[in-house]
Amino acid sequence: MTGNQPKHKKDLTRRKVVVAGAGAAVAVGAGATLAASGAFAGETSTSAAASSSSTASEACYQLTSETTEGPYYIDADKLRQDITEDKEGIPLTLRLKVIDSETCKPIADAAVDIWHCDALGIYSGYESSSTGGGTAPTDAPSGTPSGTPTGEPPSGAPTGGTGGGVHQEPTDDERYLRGTWKTDKHGQVTFRTVFPGWYRGRCVHIHTKVHVNGEWTDAGYEGGNTCHTGQFFFDEESVLASAEVEPYSTSTTERTTLTEDTIYDQSGTTGGLLKLKYNKKNIAKGVIGSLTMSVDPEATNDNN
């Protein structure tokens, strides 16, 4: 790390402990575990036997695709599983698993970050610059395929396919739809959020980072390395269904499809395409998205 980098880049694996939500509690200490359970009310956590069985069938040697971090990452974010705050949208339960690409074994105690825009394409911390119907943020590549919505990207936008955008400093104190949590002994972590919306130049997606080899302390998560920076994607059927539900249906922003997006590498689950479950006749009831991330815990993939 060089001395002239933005402050948030100087310690990418430090996480501040921020208690979030009514009745929430985070108790982290040297050698301690996070106080809250990995499962939400009404959900059944995966048994050790089921976890072992599913691991055997996973293509763990194929690394999950690395992608750009994008301009709207905020380090030292809130440690919490429910990142919804008061945002409207289709309920989304995100069930993730992190495994070692060499051994196929789950990686416990990793810090997993997720962040994404709201139902109308706005990112917390950047409400003034990430206008859902405005120009594309800097993680939206130029040179998009014919027929893709365009717009003049801000300065610092990447110039080609999967390049990364230049990080922007936050413009406000909002932190909705952002959070960090710890994988359990099965390498699993669950988040509760809302189905993301879209903004010009990008398909519907969620950003993620996985930090390993660090230590959970009373200050959060420190040290180690960022072994994976990626994005999760949604199939077109689910996105079209969401577009019929308020507030998504009120958006006038042109949408980039999954096949038009030049950051998604079209490789299915390896590229971050979520496996989704929902009532096809009523997506508004909620969606469950799941994915196993196969990572190299010794690698450093900041992709910033």
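A salt bridge here is a side-chain nitrogen of Lys or Arg within 4 Å of a carboxyl oxygen of Asp or Glu. The structure is a predicted model, in which local features need pLDDT of at least 70 and side-chain atom pairs count only at pLDDT 80 or more, while totals for chains, interfaces and linings use all residues. Residues are numbered from 1 along each chain as its sequence is written, and side-chain values use heavy atoms, with hydrogens and water left out.

**Exercise 1.** Take the salt bridge between Asp-109 and Lys-182 and work out where its two partners sit.

Solution. Start with the distance: N to O, the two side chains meet at 3.5 Å. Finally, check the cover, with buried meaning under 20% relative accessible area, exposed over 50% and partly exposed in between (1.4 Å probe, protein chains only). Lys-182 is buried at 10%, whereas Asp-109 is partly exposed at 40%.

**Exercise 2.** Find which parts of the chain the pair Lys-87 and Asp-118 ties together.

Solution. First, confirm the salt bridge, at 3.4 Å from N to O. Lys-87 lies in the loop between helix H1 (48-56) and strand S1 (91-100), and Asp-118 in the loop between S2 and S3, so parts 31 residues apart in sequence are tied together. As for cover, Asp-118 is buried with a relative accessible area of 8%, and Lys-87 is partly exposed at 23%.

**Exercise 3.** Locate the partners of the salt bridge between Glu-237 and Lys-280.

Solution. The closest N and O atoms are 3.9 Å apart. Glu-237 belongs to helix H2 (residues 236-242), while Lys-280 is in the loop between strand S9 (275-278) and strand S10 (287-295), so the pair joins parts 43 residues apart in sequence. Lys-280 counts as exposed, at 56% relative accessibility.

**Exercise 4.** How many salt bridges does the rule give, and which residues form a network?

Solution. The count comes to eight. Lys-78, Arg-80 and Glu-85 are linked in a network of salt bridges.

**Exercise 5.** Where is Asp-173 placed, and is this residue buried or exposed?

Solution. Asp-173 is in the loop between strand S2 (111-115) and strand S3 (178-182). With 72% relative accessibility, Asp-173 counts as exposed.

Terms used
Helix = DSSP H or I, 4+ residues; strand = E, 2+ residues; numbered from the N terminus.
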